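Hi,

Here is the structure I promised to send over.

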Amino acid sequence: MEILVATINICVILFLQMTYAKITKEEIVSVTAVEAVAGGVAKLPCDTHPPLANDKVHLVIWYKETSDSPIYSYDNRGNHSEQAAHWSEATILGGRAFFLAADTPAKLTLESVKDQDGGTYRCRVDFKKSPTRNTQVNLNVILPPEKLSVLDERGEHIQDYRLGPYNEGTSVNITCISTGGRPLPRVTWWQENALLDESYENLSERRVRNIVHLERLERSHLNKVYTCQASNNNHVTPISSAVTLDLNLAPLWVKLMGERKPLSSDQTYEVSCEVVGSRPQPLITWWKGSVELRNTRDTYPDSNTTISTLTFVPSMDDSGKTLMCKASTPGVEGSELKDSWDLNVYHVPLVILELGSNLNASSIREGIGVYFECNIKSNPWVYRVSWRHNGKTLYNNASAGIIVSNQSLVLQNVSRARAGIYTCVGSNQEGDGVSNPVYLDVKFAPICRPGQQRIIGVARRETARVLCEVEANPPEVTFVWKFNNSGDAVDIPSAEFSVDKTRSVEPYTPHHENDYGTLLCWARNDLGTQSVPCVYHVIPAGKPDGLSNCTIINQTVDALNVECSEGFDGGLSQRFVMEIFNANTMQLVSNVTSRTPWFIVTGLTSGADFNIALYAINNKGKSDVLHLNAYTLKSAAHQADASPVVMELTPLLGMLAGVVASLILVALGIILVLRLRGKDCEEKQHHKKINTSEMKMSNESMDSLEKNPDIIPHNNEYQDPDEKAFERLNSRLYPTHITLDGARKSMKDEITYAELQLPSGLYNGLPLQEECTVY
């Protein structure tokens, strides 16, 4: 079928060629001019719209110039437009043409346009009913310019597209030559997006030139980009070539940096000189008078700034000389700039402090007047004299007895608070000169040292070491102690308390209710007796008060932060405990002990509820428990499986284990005491044979101990030399036999201990037990 259609098309074309007649201008309906750039696409329009409503295009044939042979045909007879047959002449079009019948108007597109494609084209349209229509299209092929050449004022090509460098003030011509193109292109110069010069000239049929003139180059021309463009159409982008202008620039300024203040003799200094605006990098030299200094280094904070730093040590002879920094740009005449500084070498004040000439430094006591003299040598002279006491500045305060008068300091009615180190400071433009320190030793009678523990909690028959500490000068003091309850004060014998310099310790043991009260302590030195005693209140020790105002101040996914207010400590040092229990299982999760009522616990399960128990504890017990409810926040990714519970030894468990161990040791001690009492009774009944009985009993006791399965056998073979020596020492200190008098004394002591629990009259009629009790 396809072969048949092609054969028919060829026959039709041959028929048309055979029957072709010349077309006159009157038969051409319209004439259209079209431009196309070589290498681009040309679109030749053809009006294929039928003049009648029910008509259609049957055949479109394209011709070029005056040739009678068609170069392209579009056959739509008997077919849909999508199935129309296309044919093109291979030698002229070479497969580069295609007819777009669906466009309005319809177009013959010609790709990769060549110069020889230019000319006159005719489109013949045959309709089914309407007469044939002829359209003429004139195609003009534009040849763009081929290349651009940018030349300097010497006619040489610019290397790396960077022109220069030129010195400031010079004038420059830049030439741009375009080669090729039809029609000849328009050659222009641009600076960024602004048109700079459009005065071009034609050198020949293929060359066009434009020369831009830059008059008196300035700093603003540095790195400016100048672009030459050549264009002969509006269809494609113009060809262009850009060059960057480079300049040599003299420094804008040379400046010595920093404050121009006097320098210290024999000290090392660094002085910096800033040079801005030089291009390329400047040449910088340093001079002191007529002598060049070479200990310098250069740094470059940015491309426009150079900082030269000089390191030098001025001497006294340099005072009055000129320190100078010079900078110039290599290759630029007259570019040197300089900045100078007249040196002035100073020294810090030399200050000597002395106590008043008529004062004896070793005999100054409270209440007398003291003055100091400050001797100063300074260049330049000081602008301020200040005084310091223990490093703190003193100011004139007549009401407080401090009088500052330039180089003199007067202290009226001096007190012990004025003792310490005094210095005088002289200040000038160079710095501060601090004098030698002078220590003012003020003698005073003893006073109670602040910050001592004034409330001592102690139980009956317990001994509290009450510390009395004073401040005194001289520190050689003696102490007097008294006890006072609701009655009169009672002197405490000096043999009962100890003295260590300015400290005295009274080991006080209350036995009765009346032994609780107030202890008073006085000290005395060469200047007198302490006017106000140190007072210590002895109270019964008890359990601490409970915590209050407990607040959860922070809670996260795994941590809690609790803060409380503490109560009375019961007269003893107290600690604070927080126990955290799981609200569901009541299992102890965490136990925290702190010296302050402020707790932080971490590692808790996220999204869980907890019961919190808070209390204080001292040696007498614990306070009432305060309960709180709390919870941790839920985490973003909560784990589905619960983590295994790890048993850990908390402080509470450790304390319980210690109590159990103590009870076991007490029980063993009671058993041992009861056995020793049985031996004392045997001694009393067999006094005549006591030695023999004791030896026998000792042997039997040793045998019984060795045979007792609950006691580890005693074997010297497994003892090291240190253990054997320790056993021999114990055997000497604690012999195996106990005398009857000793047993009675022990019983007497026990009854005396019980006296504290019984009325005194009952104890007086209590007989001593004479018979042995068998256990």
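Before the notes, one term: buried means under 20% relative accessible area, exposed means over 50%, and partly exposed is in between, with a 1.4 Å probe and protein chains only. Bear in mind that this is a predicted model, where local features need pLDDT of at least 70 and side-chain atom pairs count only at pLDDT 80 or more, while totals for chains, interfaces and linings use all residues. Residues are numbered from 1 along each chain as its sequence is written, and side-chain values use heavy atoms, with hydrogens and water left out.

Salt bridges

Side chains of opposite charge can pair when their charged atoms come close. I counted a salt bridge wherever a side-chain nitrogen of Lys or Arg is within 4 Å of a carboxyl oxygen of Asp or Glu, and that gives 25 of them.

One of them joins D318 and K288, at 3.3 Å from N to O. These two are 30 residues apart: K288 is in strand β22 (residues 283–288), and D318 is in the loop between β25 (305–312) and β26 (322–328). (Strands here are DSSP runs of E, at least two residues long; helices would be runs of H or I of at least four, and numbering starts at the N terminus.) Are the two partners buried or exposed? D318 counts as buried because its relative accessibility is 3%, and K288 is buried too, at 18%.

E469 and R503 make another salt bridge, with their closest N and O atoms 3.4 Å apart. This pair also links distant parts of the chain, with E469 in strand β39 (residues 464–473) and R503 in strand β43 (residues 503–508), 34 residues apart. E469 is buried at 15%, whereas R503 is partly exposed at 36%.

Then there is E153 with R154, where the closest N and O atoms are 3.8 Å apart. E153 is partly exposed at 40% and R154 is exposed at 57%. Both belong to a network of salt bridges that also takes in D152 and E156.

Strands

I called two strands paired if DSSP finds at least two bridges between them. Strand β30 (residues 384–389) runs antiparallel to β34 (residues 420–427), joined by 6 bridges, and S386 stands opposite V425 there. β30 also runs antiparallel to β31 (residues 392–394), through 3 bridges, with H389 partnered by K392. The hairpin of β30 and β31 has 2 residues between the strands, and N390 in it takes a positive phi near 55°.

There is also an open sheet of 5 strands with mixed pairing, in the order β11-β18-β17-β13-β14. Its edge strands, β11 (162–167) and β14 (194–197), each pair on one side only. β11 runs parallel to β18 (residues 239–248), with 4 bridges between them, and R162 stands opposite T244.

N428

What does the side chain of N428 reach? It comes to 3.1 Å from the backbone oxygen of P380, a polar contact (a pair of N or O atoms within 3.5 Å; within protein, one must be able to donate a hydrogen and the other to accept it, and residues adjacent in sequence count only if both atoms are side-chain atoms). A polar atom of the N428 side chain also lies 2.9 Å from the backbone nitrogen of E430. N428 sits in the loop between β34 and β35 (432–434) and is buried, at 3%.

Best wishes
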